[in-house]
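This report describes a selection of side-chain contacts and elements of secondary structure. The sequence and the structure are shown first.

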Amino acid sequence: MKIHLAIIMSVVSLAFAVIAAAADPPADLVLLHGRIHTEDASRSVAQALAIRGNKIVAVGTDQLVSALKGPDTQEIDLEGRVVLPGIIDAHTHPAESAQDLGKCSLEDKILAPAEIKAKVAVCLKENPGNSALWFEVVKVNPSGLTLSLRDLNSMLADRPMLLNGADGHTVWANSAALRAAHIRAATHDPAGGRIEHDASGRPTGTLRDVAAEIALRAEPKPSLDFEVSQLDKAFDAMRTVGITSVQDADTNDHQMQLYRRLYDTHRLNMRVRASFGLKDTYRPADVLIGEAVQFRSKWAIDPDFLRADAVKIFADGVVEFPSQTAALLEPYLDAGGHPTNNRGPTYFTQDQLNRIVSAADAAGFTVHIHAIGDRAVRSALDAFADARRRNGTRDGRDQIAHLELINPADFPRFKELDVIANFQLLWAERDPYIVKATLPYLGAERSQYLYPARSLWDAGALLVGGSDWGVSTFNPFEAMEHAVTRCEVRGREPLLPEQSIGLQDVVDAYTINAAYALKQEHTTGSLEPGKLGDFIVLDRDIFAIDPFDLHSTRVLATYLDGREVYADRTQ
């Protein structure tokens with residue numbers, strides 16, 4: 001009886017498809033003979049898919065979809081290849097990080113001051129740039145690194161120079177840059193930042209967190225056309241690894257102008273949801289959120305391609321030595337394993353953070369909080385709990401990003417408060433940041449809860465994936481590998497393998513879960529009739545390979561709005 005019913009339903013489905021084909025225009029594009037992971041509610045896998053215009057009109061069997069072909073329909077034989085929804089990077093910085101393309105890069109390698117000096121000298125010789133502009137070095141690994149002002153001036157003395165830490169929270173400035181930025185011994189630490197001083201009270205050139213922005217704001221900017229072209233190049237590269245939507249985690253008016261220029265010139269082949277970066281957060285909450293409301297209105301360009309309906313808050317910095325600006329519940333340890341008096345800075349009183357989060361929630365924003373340390377995570381959760389008490393339950397899709405260290409008592413609160421866990425699981429490995437600059441300063445007990453993805457998943461939290469580019473690569477398949485293996489490469493010791501999550505779970509994190517986090521799950525994130533035609537074709541079945549080979553996955557084609565926006569021509 002069940003077999004007969006299945007045959008009848010198949011015939012009926014085919015009949016409806018034939019009727020639909022006769023009543024409506026044929027499909028513009030059909031993909032046949034594949035393994036299409038739809039990411040629908042049942043995570044079904046189909047053979048074929050049809051697109052008309054920019055929308056999916058059918059997903060199912062080859063027979064069903066073939067009935068929608070017409071004389072002008074483009075047909076692609078997938079030859080058994082895997083298709084996924086377009087990748088959604090839920091935490092990245094394209095407009096800002098694109099501007100580092102082509103700069104002197106130290107590739108995030110651990111280097112001594114003398115080695116950094118030698119590499120900078122090579123850069124200055126090979127590509128000095130415009131001598132009237134500042135010289136910039138990017139991807140400097142800050143783990144255990146101390147640079148004196150003498151070190152910095154010995155690299156370049158007669159021209160402003162900035163070294164940008166790969167952690168995104170540290171900048172080193174030589175004397176010329178400090179003078180240009182008006183950073184002196186009397187300059188006070190800004191809220192949320194730290195200017196390091198020597199024993200005599202003079203700045204050492206090391207600027208942490210918001211303090212770095214003083215120097216960055218003083219730096220002359222290139223032309224808008226140049227910055228737009230850099231962003232265009234970055235999006236070209238993102239599409240080669242299957243990314244079709246991004247959530248820019250910290251934007252301002254200038255960066256939105258870059259996105260708008262691409263949109264106005266029909267080059268924005270990427271869906272962009274922007275988060276307005278709240279600055280000078282000591283100010284009244286109503287003033288801060290009033291600015292955010294104006295920003296949202298100004299940049300409400302296209303609900304499918306460019307909008308700014310989230311706000312970004314930094315609750316702390318980074319955990320690695322020597323920065324140690326992440327907020328911890330218990331003190332950092334010293335190199336000998338003894339407790340210090342340092343729990344990391346406090347960027348907000350809890351009352352101020354509560355007021356800001358509640359005001360943003362009431363205004364209809366998604367609240368996106370950077371929290372690395374367990375105290376910052378708890379403070380963010382407390383603020384969300386306060387917002388629920390004040391405003392009731394709202395559809396905010398609030399999220400905490402990074403989540404390097406979480407106290408186990410807070411695991412269940414993510415589900416209870418409907419807070420999304422926005423992880424960057426590429427970092428879940430025993431690299432030097434963890435082994436040399438984190439583990440010794442946290443101790444064994446706390447270190448059991450580094451990037452605790454499995455614990456949050458078990459507690460019912462919704463997990464989404466992001467890259468935090470340009471802090472690290474935006475290749476999602478490398479991050480997927482680390483999320484599953486908790487290891488940099490095959491044969492290395494993993495970082496807390498019990499915190500591994502399954503491949504299907506991490507694919508969810510980069511597709512349907514991320515679409516939900518960006519408030520676009522009704523249009524993207526899964527391959528279902530009525531949704532937009534964002535999908536990618538892979539060179540291998542990632543669900544059938546050794547997880548340690550995930551990083552080698554190649555995207556053969558990327559489609560956005562039913563249009564091919566990238567194709568691998570090397571095959």
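Predicted model: local features only at pLDDT ≥ 70, side-chain atom pairs only at ≥ 80, totals over all residues.

The bond connects distant parts of the chain: Cys-104 belongs to strand 9 (residues 104-105) and Cys-123 to helix 4 (residues 113-126), with the two cysteines 19 residues apart. The sulfur atoms of Cys-104 and Cys-123 are separated by 2.1 Å, which places the pair within the 2.5 Å limit for a disulfide. By this rule, the count for the structure is one disulfide.

## Aromatic pairs

The whole structure contains eight aromatic pairs. One of them is formed by Phe-411 and Tyr-449, whose ring centres lie 6.1 Å apart and whose planes make an angle of 65°, an edge-to-face arrangement. This pair links distant parts of the chain, 38 residues apart: Phe-411 is in helix 13 (residues 411-417), whereas Tyr-449 is in the loop between helix 15 (439-442) and helix 16 (453-458). Phe-411 is buried, at 8% relative accessible area, while Tyr-449 counts as partly exposed, at 25% relative accessibility.

For Phe-535 and Tyr-559, the ring centres are 4.5 Å apart and the planes are at 10°, so the pair is stacked; the limit for stacking is an angle under 30 degrees. Phe-535 lies in strand 22 (residues 535-538) and Tyr-559 in strand 23 (residues 555-560), and the pair thus links parts of the chain 24 residues apart. Both Phe-535 and Tyr-559 are buried. Elsewhere, Phe-276, Phe-295 and Trp-299 make up one aromatic cluster.

## Charges over rings

Which rings have the charged end of an arginine over them? Arg-271 places its charged end over the ring of Phe-305, at 4.6 Å from the ring centre. Arg-397 lies over the face of Tyr-516, and the distance to the ring centre is 3.8 Å.

An open sheet is formed by eight strands with parallel pairing, in the order 8-15-16-17-18-19-20-21. Its edges are strand 8 (87-92) and strand 21 (463-465), each of which pairs on one side only. From one strand to the next, the twist averages 25°.

Within this sheet, strand 17 (residues 306-314) and strand 18 (residues 366-371) pair in the parallel sense, and the pairing extends over five bridges. In this pairing, Ala-310 stands opposite Thr-366 of strand 18.

What lies across strand 8 and strand 21? Helix 18 (residues 503-510) lies across both of these strands, and its direction is at about 70° to strand 21.

How values were computed
Residues numbered from 1 in each chain as written. Heavy atoms only, no water. Phe/Tyr/Trp six-rings, centres within 6.5 Å; stacked < 30°, edge-to-face > 60°. Helix = DSSP H or I, 4+ residues; strand = E, 2+ residues; numbered from the N terminus. Buried < 20%, exposed > 50% of the residue type's maximum accessible area, 1.4 Å probe, protein only. Lys NZ or Arg CZ within 6 Å of the ring centre and 35° of its normal. Pairing = 2+ DSSP bridges. Axes fitted to C-alpha atoms, helices over the stretch in contact; angles between N-to-C directions. Contact = heavy atoms within 4.5 Å.
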